[in-house]
Amino acid sequence: LPIDIRKAFGSAVGKLRSQSTTVLNNAVTILTSTLNVVFDLIIVIIMSLYLLADGGRFIRWIMNLVPEQHKDQAWYFVLSLNRVLGGYIRGQLIVAITVGILAGVGCYVLGVPYALLIGIFALIAESIPVIGPVLASVPAILVALFTLPFPRTLLVAGWFLLMQQVEQNVVGPRITGRAVGIHPVAAMIAVIIGLEVGGFWGAFLAVPVTGILFVIVAQAYSYLVLRQPLPTSTVPESMEMDDPTDGGAAALSSHSGNDHKTT
């Protein structure tokens with residue numbers, strides 16, 4: 001068979017050069033994406049620490065900008081916002097713990113190795129909206145596939161499928177909906193609309209945003225249509241107000257521990 005060595009060598013060098021360029025570009029892209037994720041994570045942690053340390057002080061500064069005659073209504077909105085967001089976080093935590101326990105117990109009963117680790121992973125993955133329930137089942141199915149007979153692997157997959165359906169359609173909407181203050185059906189519809197409109201983050205923020213909108217719309221209807229006064233709330237005992245005459249500047253300055261309580 002006639003073989004052109006020079007041509008074959010040139011073709012091989014060209015392919016190697018092309019593949020090297022592709023690998024190098026992919027490596028640069030992966031490295032850049034990883035650095036961006038690490039940088040964003042550091043920023044989020046720093047901002048979270050600042051908010052935890054000065055959250056109450058920042059709220060007092062904002063409230064000092066509200067006219068005195070509207071402070072009670074503003075405090076009602078702030079406390080309603082706190083109730084909705086806090087309820088959503090607590091509801092998500094309860095759902096995640098429930099799924100983690102069910103995943104670990106189910107794997108233990110079915111004889112899947114590392115049931116405890118699988119349950120912990122399911123608990124963490126459940127906090128991720130949209131893809132979390134599916135992601136939680138991947139380790140269990142893979143471990144069962146390589147360590148158990150195939151029919152039992154089907155049982156593991158069926159258990160996780162059943163658990164996900166119950167969590168997504170029954171337990172999850174009921175717990176998060178009640179925690180936020182909306183009907184479970186409204187919570188399910190909110191997640192579907194949020195997923196279509198905003199994708200991942202839309203689904204993640206759908207329920208708390210719906211709860212906040214429910215509070216605003218209900219009070220607006222009560223005030224504009226039913227002609228009832230706007231609800232009010234007093235200043236929480238755990239949060240002392242700064243002097244309104246200072247324009248809130250003192251709230252941003254350094255305070256001694258005896259001047260203010262920070263919650």
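I began with the surface: the chain exposes about 17,500 Å², and carbon and sulfur atoms supply 72% of it. Accessible areas come from the Shrake-Rupley method with a 1.4 Å probe, and for residues only the protein chains shown count as cover.

I noted that this is a predicted model, where local features need pLDDT of at least 70, side-chain atom pairs count only at pLDDT 80 or more, and totals for chains, interfaces and linings use all residues. Residues are numbered from 1 along each chain as its sequence is written, and side-chain values use heavy atoms, with hydrogens and water left out.

Next, the fold. I found seven helices and zero strands, in the pattern α-α-α-α-α-α-α along the sequence. Helices (H or I, at least four residues) and strands (E, at least two) are DSSP runs, numbered from the N terminus.

I checked burial. Of the 263 residues, 27% count as buried. Buried means under 20% relative accessible area, exposed over 50%, and partly exposed in between (1.4 Å probe, protein chains only).

I looked up T98 in helix α2 (residues 71-110). T98 counts as partly exposed because its relative accessibility is 31%. Its side chain reaches the backbone oxygen of I94 at 2.8 Å. The C-alpha atoms of T98 and L123 are separated by 7.8 Å, at 25 residues apart along the chain.

Then I turned to G100, also placed in helix α2. G100 has 8% relative accessibility, so it counts as buried. Leaving aside neighbours within four places in sequence, G100 is in contact (heavy atoms within 4.5 Å) with G119, A122 and L123. From G100 to L117, 17 residues apart along the chain, the C-alpha separation is 9.6 Å.

Technical notes
A polar contact is a pair of N or O atoms within 3.5 Å; within protein, one must be able to donate a hydrogen and the other to accept it, and residues adjacent in sequence count only if both atoms are side-chain atoms.
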